[in-house]
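Please take a moment to look over the chain before reading on. The paragraphs below are meant to be read with the model in view.

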Amino acid sequence: MLLKMEGISKNYGDVQANRQIDYDLKPGEVHAIVGENGAGKTTLMRILYGMEQPSSGTIRIRGREAHFADPKDAIRHGIGMVHQHFMLFQNFTVAENIVIGQEPGKLRFDRKAAIARVEALSEQYGIRVDPRARIVDCPLGVQQRVEILKVLYQGAEIIILDEPTGVLTPLEVGELLEAIRTLTKQGKSFILISHKLNEVMSAADRITVLRDGEVTGVLETSRTSVEELSRLMVGRPLAAMDKQPASPKEKVLEVRELSVFGSGSKPAVDAVSLHVRAGEIVGIAGISGNGQSELLQAISGLTKPAQGTVSLLGTDVTGKSAREFRNAGLAHIPEDRYVWGANKAATVAETGTMGHQRKLSKLGFLQGRAVKARVSDWIKQYAIKAGSPDNETQNLSGGNLQKLIVAREIAQRTPFLIAAEPTRGVDIGAMETIHEQLLRKRDDGGAILLVSSELSEILKLSDRILVMYEGRIVGELQEGEATEEKLSLLMVGGKRNG
Ligand SMILES: Nc1ncnc2c1ncn2[C@@H]1O[C@H](COP(=O)(O)OP(=O)(O)OP(=O)(O)O)[C@@H](O)[C@H]1O
């Protein structure tokens, strides 16, 4: 056995994040780990990568007991980790990022040698990159390949992939799965952490399921199903969702000829017009980086547009502040929960009021008890593993923080909601709850603009779908006529037939 983790436990105060976990990995194997938010997946991997020490348990590599004081130790033992948020230097080239820490050249950085090494590595493992390209200019799929080459350069035999497909396009997901297949043929092994059970089923040989810090099953992929995995993860079968046709009413959001400049010389959003009515969900499909982020920032008051107008319920709010947008009826589940949605040092209750303090204040004082009661309700309703409302936000697992922000924004009962990647990083049970809540808001007359890189999510929830490509809306499809194929074609700039 290449890797054997035995009886791993980890406590954080009263929280038992890992309980007596056994996990092993063979050479050339993909062994996935699945489980609800807060089940303990990240904790187990942080232990394997030397970022945390277990409270008890042992790790063996090829039969020999190993102790990792820090990630450098883990790397020396052949363990590499590709994090959910890539850790590359944006202004450096691909080659520089790969060799950093073990650069060729004694006194000066030997650029030519670095490029040659990266070319050889890329050839050896069949993973294509341009060593001279700067990271800022590389799409996310390429950046991920750079991360994988970087750990291979460091000598990794075991590669941990933490939620690797969250930010990828369908095409890039296919390329990643192909790269995994090529590397396992060469004897490399993968630990794959993912909430996407279909991808897990197609990539993994075995799957370990965690629930509340414990192993509830170790399954051969060929002998299990998505249904069995869900049951082991969540402890109950998932119900099919019932979506009634929409009955759209008055226009709530109206955007006219909106243009926004981003970092490039061309507008990131180019004369976009759209509207969302009360009682409908309008989905925006598109490969990330086609202007969706800039569009959302301009229609939520985070940036000012160069041109065009935005109105909410008939009031022109163009160029107003985020607070004025909120006062005019906006709630916003932001794309990046750490940049816009939460303050890590705040308590769970404070994060639960961010952006909405005024509504919860009397005579300028925040009503602490009322806030805690509300947050406690959400904790129950969305099954958020948060401990108490006084806990620190930074102790929440990624998916639990996402659930808290979603709960906060839906609970405002505003006429308009922007939902950007609302289920990124959340488990299938929570995804079901979030989808139900979004539909309920729509049925209560809310107008929702949904932006998601998950086509299945767009197709499941939207009443109308707009496709964004290079800053423009290049197509509009009604609920019944949209398919994954039609959307995918429009998303890469292709024309719609018939
Ligand atoms: N530093 C910490 N202090 C206190 N509690 C923590 C800390 N890190 C994690 N936890 C808790 O340990 C539990 C397991 O968290 P972990 O991040 O391992 O879950 P996960 O399965 O990776 O979840 P997700 O799918 O949301 O990423 C959670 O209840 C979390 O709140």
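What follows goes from the domains to a sheet, then to a pair of helices, and finally to the ligand.

This is a predicted model, in which local features need pLDDT of at least 70 and side-chain atom pairs count only at pLDDT 80 or more, while totals for chains, interfaces and linings use all residues. Residues are numbered from 1 along each chain as its sequence is written.

The chain is divided into domain 1 (3–234) and domain 2 (251–491), with bounds that come from an automatic or database domain assignment. The C-alpha centres of the two domains lie 30 Å apart, and 16 residues of domain 1 are in contact with 16 residues of domain 2, where contact requires C-beta atoms, placed from the backbone, within 7 Å of each other. On the side of domain 1 that touches domain 2, helix H8 (residues 226–234) gives the most, with three residues; helices here are DSSP runs of H or I with at least four residues, strands are runs of E with at least two, and both are numbered from the N terminus.

Turn next to an open sheet of four strands, which has the order E2-E1-E4-E5 and antiparallel pairing, two strands being paired if DSSP finds at least two bridges between them. E2 and strand E5 (64–66) stand at the edges with a single partner strand each, so one side of each is left without a neighbour in the sheet. Strand E1 (residues 3–12) is joined to E2 by seven bridges, and these two strands run antiparallel; Lys10 stands opposite Asn18 in E2.

Helix H4 (residues 111–125) and helix H5 (residues 140–153) pack with their axes 11 Å apart, at an angle of about 100°. Axes are lines fitted to C-alpha atoms, for helices over the stretch in contact, and angles run from 0 to 180 degrees between N-to-C directions. H4 and H5 are therefore roughly perpendicular to each other, a term that covers angles of 65 to 115 degrees. In this packing, Val118, Leu121, Ser122 and Tyr125 in H4 meet Leu149, Leu152 and Tyr153 in H5.

Which residues are closest to the ligand? Of the 18 residues that surround the ligand, the closest are Tyr12, Asn37, Thr42, Ser397 and Gly399. Strand E2 (15–25), helix H1 (41–48) and helix H14 (398–411) each supply at least two residues of this shell. Domain 1 and domain 2 both give residues to the shell, so the ligand lies between them.

Methods. A residue is near a molecule or strand if its C-beta atom, placed from the backbone, lies within 6 Å of it. Angles under 35 degrees count as roughly parallel, over 145 as roughly antiparallel, 65 to 115 as roughly perpendicular and the rest as oblique. Two residues are in contact if their C-beta atoms, placed from the backbone, lie within 7 Å.
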